[in-house]
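Work through the exercises below with the sequence and the 3D structure in view, and try each task before you read its solution.

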Amino acid sequence: MNFDYETPFRSLYIHWPFCPYRCHFCPFVALAGQDEYMLQYHDALVKEIQYFFDHYRLVQQEIDTVFLGGGTPSTYPTDLLLDTFIILKKNLHFQKDAEITIEVNPGTVIEKQVLEWVKMGINRVSVGVQSLKDGVLHELNRMQTKQQVITLMDFLPHYIENISVDLIMGLPGVLLQDWQSYLQEIITWPIKHISVYFLTIHEDTKLFFTIEKGKVSLPSDDYMLECYEWTVDFLKKNGFEQYELSNFARVGYQSRHNSIYWDRKPFKAFGLGACSFDGKARMQNEKNLQSYLKYVATKEPLLYYETLTVQQIRLEKALLGLRRSIGVCLNEISLYLSEEQKLKLNEEICQLCEAGFMTSDGKVIRLTQRGLIVENQILARLSI
């Protein structure tokens, strides 16, 4: 099964998997120390793109958002990246105000490079800051420095206005006062968006095994709650409104691309391990580089394909809706439930509201700050 070639979609994701190093907490499809494959991978990537459009039945589909993710897309050689954009623009019609984002790591970007990105149409940059404490990052094999972040912030705003920074809350060795000082400095930068992600320990990462051996301890739940509540309040006071569990933006600068995911709209993704959604099914490309290179020349290099069931759709709507400040409609998460199941769901919601994890006006439910911290546990309780 493939992506439905008759499905209109308005968003693209392009995966560039190469990294100068692999962070100990990274669960993504990323290749460190394999730069010799960059040209071969790029050639395969554009073949995948062209193969798709050779079969796609909607001519000059309009595109609103593009996201270049990784890996470290700021290591994508400029001449090769330009080739990719030429192929995309040959097959698609980019809206005049299309949001085109590239992820970057400090220390991998030079000023001349940014100027070329702007010529290609890139108008939003997401900077992987994560922490401003060099020692904390280096312990996790993220070999960037605060000075590299400052250097990037000195020249980047001269070319691109829409800048977002990513931070990770809960990194080992970061005290509450450290975190507060980070945010106090970061809000002085000329940025429009901040993403604050909770540190998640993924199996088979270096950090997972380090914790299993007792060599690193993680912050307590009380610390995370205090830190998160302070962050939400502090960012709001400084003009960054929370619109999703991990995302804060100045007025008019919410991520349009991420909203595609949260609204469950179709999007097409290309590259190693890239995930697509055509409105009915989710699919993922091959995650092994050699397998991807082998299959991409003759077909879409799919590893996984799943048509969603009614239950999966309902739970996705609950998960994605509850992460957002607008909440989720009760009708959407009770669709196709029996009367008995609806009663049980309402009982769970009432208990969660009484415990201070959720609010409800009878039509829409929303998580409180306390509820956002334990979102996964709440979702499990709503999985009727």
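The structure holds 16 salt bridges, a salt bridge being a side-chain nitrogen of Lys or Arg within 4 Å of a carboxyl oxygen of Asp or Glu. This is a predicted model, in which local features need pLDDT of at least 70 and side-chain atom pairs count only at pLDDT 80 or more, while totals for chains, interfaces and linings use all residues. Residues are numbered from 1 along each chain as its sequence is written, and side-chain values use heavy atoms, with hydrogens and water left out.

**Exercise 1.** Find which parts the salt bridge of Arg10 and Asp64 ties together.

Step 1: the side chains of Arg10 and Asp64 meet at 2.6 Å, N to O. Step 2: Arg10 lies in the segment before strand 1 (11–16) and Asp64 in strand 4 (residues 61–70), so the pair ties together parts 54 residues apart in sequence; strands here are DSSP runs of E with at least two residues, helices runs of H or I with at least four, numbered from the N terminus.

**Exercise 2.** Decide whether Asn105 is buried or exposed, and find the partner of its side chain in a polar contact.

Step 1: Asn105 has 10% relative accessibility and therefore counts as buried, where buried means under 20% relative accessible area, exposed over 50% and partly exposed in between (1.4 Å probe, protein chains only). Step 2: its side chain makes a polar contact of 3.3 Å with the side chain of Thr72, that is, a pair of N or O atoms within 3.5 Å, of which, within protein, one must be able to donate a hydrogen and the other to accept it, and residues adjacent in sequence count only if both atoms are side-chain atoms. Step 3: Asn105 is placed in the loop between strand 5 (92–104) and helix 3.
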